[in-house]
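This report goes through a structure part by part. The sequence and the model come first, and the description follows.

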Amino acid sequence: MEMPAPDQKILSRKDAVVRRLQAVLPQDAVIHDPAETRAYECDALTAYRCPPLAAVLPASTEEVAAVLRICHEEGVPVVPRGAGTSLAGGALPTADCVILGVARMTEVLETDYANRFIRVQTGRTNLSVSGAVEEEGFFYAPDPSSQLACAIAGNVAMNSGGAHCLKYGVTTNNLLGVTMVLMDGTVVELGGAHLDAAGYDLLGLVCGSEGQLGVVTEATLRILRKPEGARPVLIGFDSNEVAGHCVSDIIKAGVLPVAIEFMDRPCIRATEAFAHAGYPDCEALLIVEVEGSEAEIDAQLGMISQIARKHDPVELRESGSEEESARIWLGRKSAFGAMGQINDYMCLDGTIPVSALPMVLRRIGEMSREFGLDVGNVFHAGDGNMHPLILYDANKPGDLELCERFGAEILKLCVEVGGCLTGEHGVGIEKRDLMVHQYGAEDLEIQMAVKDVFDPHWLLNPAKVFPLQASQGRRAA
Amino acid sequence: MMTPKSEQELAEAIAGTDAPLTVRGGGTRPIGRALPGQTLSVAEMSGITLHEPGALTLVAQAGTPVAEIEAALAAEGQRLAFEPMDHRGLLGTTGTPTIGGVVAANVSGPRRIQVGACRDSLLGVRFVDGAGRVLRNGGRVMKNVTGYDLVKLIAGSYGTLGVLTEVSFKVLPAAEAVGTLRLHGLDDRRAVAAMSAALGSPCEVSGAAHLPRGADGRPVTMLRLEGFADSVAYRMGRMQTLLGSFGDGEIDRDAESVAAAWRAIRDVEAFAGQPGDVWRVSVKPSDGPAVAEALDGAEVIYDWGGGLVWALTPEGTDARAALAGIGGHATLVRASEDTRARLAVFHPEPAPVAALAAGLRAKFDPRGVLNPGLMG
């Protein structure tokens, strides 16, 4: 993955830039020693690394505005960073950039149970937002699998999803308002505790813009009352095709599960070897979870099981207790770790129409043989959000590149069948150059024109989202 | 009136004009100021292009009548989750509401509190911008973070950034059973407290409205539950217990009468044909009663648990004064031409936000031909 060459003029002005940043922030909030800036050299896409010019850790919206004003005046690119858990390289620095980390901004600013929202600084982790309202029986719905570590700032930037979005939606459906600082230091408020935008839906536009339109410092999030309970059913099938049909039939029947998770045989075998969850050795496995009172759960699981039985499952196991639920989820939750035990892996997140599932899985299997790289599939089947995990060996020369080419072919296939390149991870650098497969030149041009409005000099996270060649003229201007 | 029959014709029509165009679907929601220029209707671009019940997705051309979509979905036991309002009664218009108009105005109904607004169900758009470019964003899958979300930007932009040609939606199963709990005699604050208690419970309330003056002249508070019959019955019992301190109330389980009651809320039927201006105010629910009090003399209806206040005010009243010190916004949905010109239909924006909006308009409609002046 190519990154633009750093601007030598900026590198030569490092000391002056650092001095100006130190003038507006506490001493320990400006990191510029090369030994320390290395901590910010990558995010969770660890194949790519580059220490930044400097990293700053402001503690308030005012400090963020001060930093951005300086960088704007100095013409220094800024890469915003939440917790650095992006799988797409969304927070990857360039050598001439300042990393703006929100890690010190973790306060809860307001909780309002009567109106069902919480306002937080965006450095707060996803899980600790739920943690802050848990005692009152509430939770924040989007639950990316990195929720223990990932920050709301990154969730908003990437419009993060999670396993339960079939019912609750993704970040953008649960975000009521933001405080955002534009690249020139202007602070804007979008949305609030009320519903729906006054004018254009700038809040909807900002969510998922990968830190390219502004730095979101505070967020007002919708909180929900926890359901009385939740339990899954595990269903094993002899073919991916049949499992796919079963998913469609469940959805058509009017049951709306909170999650429908899918694992294929390579993934089932890997997790069994790793976590011993007691999964059947079959071609495809579904975990379908429903919520409600005990009686409501029983009724819904009964309906789902009835539908599944028509498809002749090799195994069907309704959870009857918390213990059994934990056991059913154990393998799914350790799937990534299990695959990681086998080898390095690249995790994709293309989304497809549910009806294309069997065909896409078959093609991925064929391509796996063509490329000579193993793939395990574990994903959110209810919404078609796939997670093929391609195994490769980082120490073997050429393997990463081979893996990336394979990944690109899978994502192109997702687009061909009516889906998209990324369902919840974001484009970042990883899928930047594949954007031309999803969008025409004018579709990309209008998106870049949106960035022109918010950040005319293209200083915020500039080398992401759009193919480098397409954004070249704007970044150089 | 220009009535292009295809996206290509539409693109040529827009590219070929430098005079202002008034964009419309069925013309049933003339919210905003009367605009100069020739009318451009997308009504001829009509038809459902795809409906996959097993994937909960529907794609339709912008001019497709809402009724046609609702019928096609109903045939598969599905529906548009966000329950779009029909403006005809309130605005005294006739014609056929189109799905493009619903999206352009981001129209949602009572279920917005549970499933989100129109924009939350919208998966993708195709549109022609003011330069005549055919553009698309999003798609037909439920999770999509590929590039910027222009889908949300276009929803609710009232045709000022582009003319919609095709829209795709996530749809949801229709409910097997429905019921409304009606509480009587609560004042506005008590009513909002009751609705908050219900909405903050695990009962999965899909509608929460309060009429200070119900059909019999007394206040009535309505809470709707939907789902499988056993589940609705169970949750109804639970909610009644939870709200015991607000009175016993009564339960309506008759599907037709429940539907009629919520349609009346959705379409603000109480204000149809009544003299006066109509304002639509969005605030946080607990601020709703304060807005009503500040609008002394106005008749109000609360939806969205108190967060959506419909106000019928004496002609020429500036309802935005009632929002002083309260976050939120007010749209002047119905008023005379003079009042709409004087008070502005859409809520004024702070300068930096207005600058962003103007900047976006300049990019999407560089020649200023699409509904110019409608949103600033």
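## Chains, domains and sheets

The contact between the chains takes 74 residues from chain A and 68 residues from chain B; two residues are in contact if their C-beta atoms, placed from the backbone, lie within 7 Å. The model is predicted: local features need pLDDT of at least 70, side-chain atom pairs count only at pLDDT 80 or more, and totals for chains, interfaces and linings use all residues. Residues are numbered from 1 along each chain as its sequence is written, while chains are lettered from A and ligands numbered from 1 in the order in which they are written.

On the side of chain B that touches chain A, H13(B) gives the most, with seven residues. Helices (H or I, at least four residues) and strands (E, at least two) are DSSP runs, numbered from the N terminus. By class, the residues on this side of chain B are 28 nonpolar, 24 polar and 16 charged. Here Ala, Val, Leu, Ile, Met, Phe, Trp, Tyr, Cys and Pro count as nonpolar, Asp, Glu, Lys and Arg as charged, and the others, Gly among them, as polar.

Chain A is divided into domain 1 (8-103), domain 2 (108-225), domain 3 (230-335), domain 4 (343-416) and domain 5 (440-477). For chain B the assignment gives domain 1 (7-173), domain 2 (177-266) and domain 3 (269-343). The bounds come from an automatic or database domain assignment. Two domain pairs are set out below.

| Domain pair | Distance between C-alpha centres | Residues in contact |
|---|---|---|
| Domain 2 and domain 4 of chain A | 30 Å | four of domain 2 with four of domain 4 |
| Domain 1 and domain 3 of chain B | 26 Å | nine of domain 1 with 12 of domain 3 |

In chain B, the largest share of the side of domain 1 that touches domain 3, three residues, comes from H3(B).

Chain A holds an open sheet of five strands in the order S5-S6-S10-S8-S9, with antiparallel pairing; two strands pair if DSSP finds at least two bridges between them. Its edge strands, S5 (108-112) and S9 (187-191) of chain A, each pair on one side only. Strands S6 (117-121) and S10 (215-222) of chain A are joined by five bridges, and Phe117(A) stands opposite Arg222(A) in S10(A). Across S5, S6 and S10 of chain A lies helix H5 (126-133) of chain A, at about 135° to S6(A). Axes are lines fitted to C-alpha atoms, for helices over the stretch in contact, and angles run from 0 to 180 degrees between N-to-C directions.

Another open sheet of chain A has seven strands in the order S15-S12-S14-S13-S17-S18-S16, also paired antiparallel. Strands S13 (259-264) and S14 (284-291) of chain A share six bridges, and Ala259(A) stands opposite Glu289(A) in S14(A). Helix H10 (240-252) of chain A lies across S12 (230-237), S13 and S14 of chain A, running at about 15° to S14(A).

The largest nonpolar core has 276 residues, and Leu286(A) and Ala198(B) have the most contacts inside it. Such a core is a set of buried Ala, Val, Leu, Ile, Met, Phe, Trp, Tyr and Cys residues joined through C-beta atoms within 7 Å. A residue is buried if 20 or more other C-beta atoms lie within 10 Å of its own, exposed if 12 or fewer, and partly exposed in between, with C-beta atoms placed from the backbone. Beyond its neighbours within four places in sequence, Leu286(A) is in contact with residues including Ile235(A), Ala243(A) and Phe262(A).
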